Amino acid sequence: MLIFEHAHPGRRAHAQAPYNAPLADDLPADMLRQTPPLLPETSELDVVRHYTGLSQKNFSIDTQFYPLGSCTMKYNPRACNSLAMLPQFLNRHPLAAEETGQGFLASMYELQEMLKEVTGMAAVSMAPMAGAHGEFAGVAMIRAYHDARGDTARREIIVPDAAHGTNPATATMCGYVVKEIPTDRQGNVDLDALKAAVGPQTAGLMLTNPSTLGVFEKTIVEIQKIVHEAGGLSYYDGANLNAILGRVRPGDMGFDVIHMNLHKTFSTPHGGGGPGAGPVGVSERLQPFLPIPYVLSEREFYRWATEAEVPHSIGRMSAFGGNMGVLLRAYVYARMLGGRGMQRVAEFAALNANYLAAELKKVGFELAFPERRASHEFIVTLKKLKDETGISAMDFAKRLLDYGFHAPTTYFPMLVPECLLIEPTETESKETLDAFARAMLAVKREAESQPDLVKSAPHKLPSRRLDDGKAARELDLVWKPA
Amino acid sequence: MSNIPNNLKYTKSHEWVRLEADGSVAVGITQHAQDLLGDMVFVETPVVGRELAAGEECAVVESVKAASDVYAPIAGVVLAANADVEASPESINQDAYAAWMFTLKPANAADLDGLLDAAGYEAHVASESH
């Protein structure tokens, strides 16, 4: 039921009408609308009940195990949110003088320093406001670097097929031609294909590590060397940073640029496209090209870098101080964890993924890369189950909902047929992981013995199986009065 | 096992190709491809008159799972695009080999010989699902 369907003519939420507010009665008559806007007329209580009811139908990380992991959203400690919402932060005007915002600017500066430390990069800019924005900044800097040297024949960016889909899109947006290289059976970049692909036309390589296959590139140092020897730069897609946080550093591996999804790894409740922050870290040779805003410190005075003092910068990428709310949450998260705590995030994310993978393997699930240790996530393929029982990964995922678990990612990465991509994250207990493994086994047994039950799932939720195809073909997005 | 008619030619990227009596070729995606993609929700066909190189991206199919490019199996000029398939993408799920997406006038009729036959395509499908 939509909020419009609760409407009753003349019903109002009076508490929301401004008290004694002046009317906008000086607008020209021809600009005034003749008919009232089509808004639902409801009482405050109707609205509260309607939206509370919808929220109770949701699966969320506050109510259920949510194996979509940091890729979508991991658990975000409450303290990060409440401290970032302190009125002294919240009510600060973005144009206020730097002298009156030293606390905020100091927090931003310290966050830059902590991100430098945890990634091993020479400098960090907070400018990008999302992962894709960060990728764009990174590749734009690679381009600015080659251009500044007059090395303009480098037209290609190499992207392995296990990379995030945004990587080839980013390279294209920055005016490069994408050269895709394959992955071998173990899920690694095919080194021979990489050697054959590099040359004087290579501007750089974009690598997602751990890759979308949930494995760490074993030959990452050699991959670096091949690209650098060909004169290209290397880009580290840090979307899966949760897996390596503080344990290995892209800077030490020799990468020239990395973006970090702070909203994923560093604790911002987000979803449906925001809010995000995608800071970029760079090696020394890319430092002059960093986008602004970022914070400088001079004798304990903190201030924004100005356009005049960074003439080679690729430019201003966000107004004011970037996505400050997300950056503040990241700052609190980083300060609460500390260096050792960040390592523990990666350790427990990897331990939980490998424990769950081992438990599922024990009860007969087929891992896509059984010889490989999982990074922070792993892939189960249900291809055999589908061939034998007709139960697809989608059917399986829908039935898991009946057991009170949010389904894992289905059908991604596309390189693995009938796959479930499972990322438990560091905050789940062994008891939760065991319960999830039991539910997985129960659904597998049902698939073998009562396939119709699984095919028609979910059975216990407010909505039954929806027709995805019909919903996409016949979009119905706008309410119209009957 | 997937349905792979003997009278068609195939590509490794899962297009089927049918030589018509007038020397043109019709192109669609295979039964196996639609099975992997699932329920189709959107199809975009190439503009009539467009010159295509072999392997060039020229159409898009989108399912509830993924969007996927369709490639020109051989070089040629687009003669016709199937508006019915654009209007009802689900026709690809219903009968992949009836739902042609576009027809081409081949630049070189002999190019067809370089495509896979049914047995070759079946072996290719088997090698992909390790």
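Predicted model: local features only at pLDDT ≥ 70, side-chain atom pairs only at ≥ 80, totals over all residues.
In chain A, among contacts between residues at least 6 apart in sequence, 74% join residues at least 24 apart, where two residues are in contact if their C-beta atoms, placed from the backbone, lie within 7 Å. Residues are numbered from 1 along each chain as its sequence is written, and chains are lettered from A in the order in which they are written.

Staying with chain A, its secondary structure comes to 16 helices and 12 strands, these being DSSP runs numbered from the N terminus, with helices H or I of at least four residues and strands E of at least two. Its radius of gyration is 25 Å, close to the 23 Å that the globule rule gives for 482 residues, so chain A is as compact as a globular protein of that length; the radius is taken over C-alpha atoms, and the rule is 2.2 Å times the number of residues to the power 0.38. Of those 482 residues, 43% count as buried, meaning that 20 or more other C-beta atoms lie within 10 Å of a residue's own, with 12 or fewer for exposed and partly exposed in between.

Turning to the contact between the chains, eight residues come from chain B and eight residues from chain A. B:Glu90, which sits in helix α3 (residues 90-94) of chain B, counts as partly exposed because it has 16 C-beta neighbours inside 10 Å. Leaving aside neighbours within four places in sequence, B:Glu90 is in contact with A:Gly469, B:Asp39 and B:Met40.
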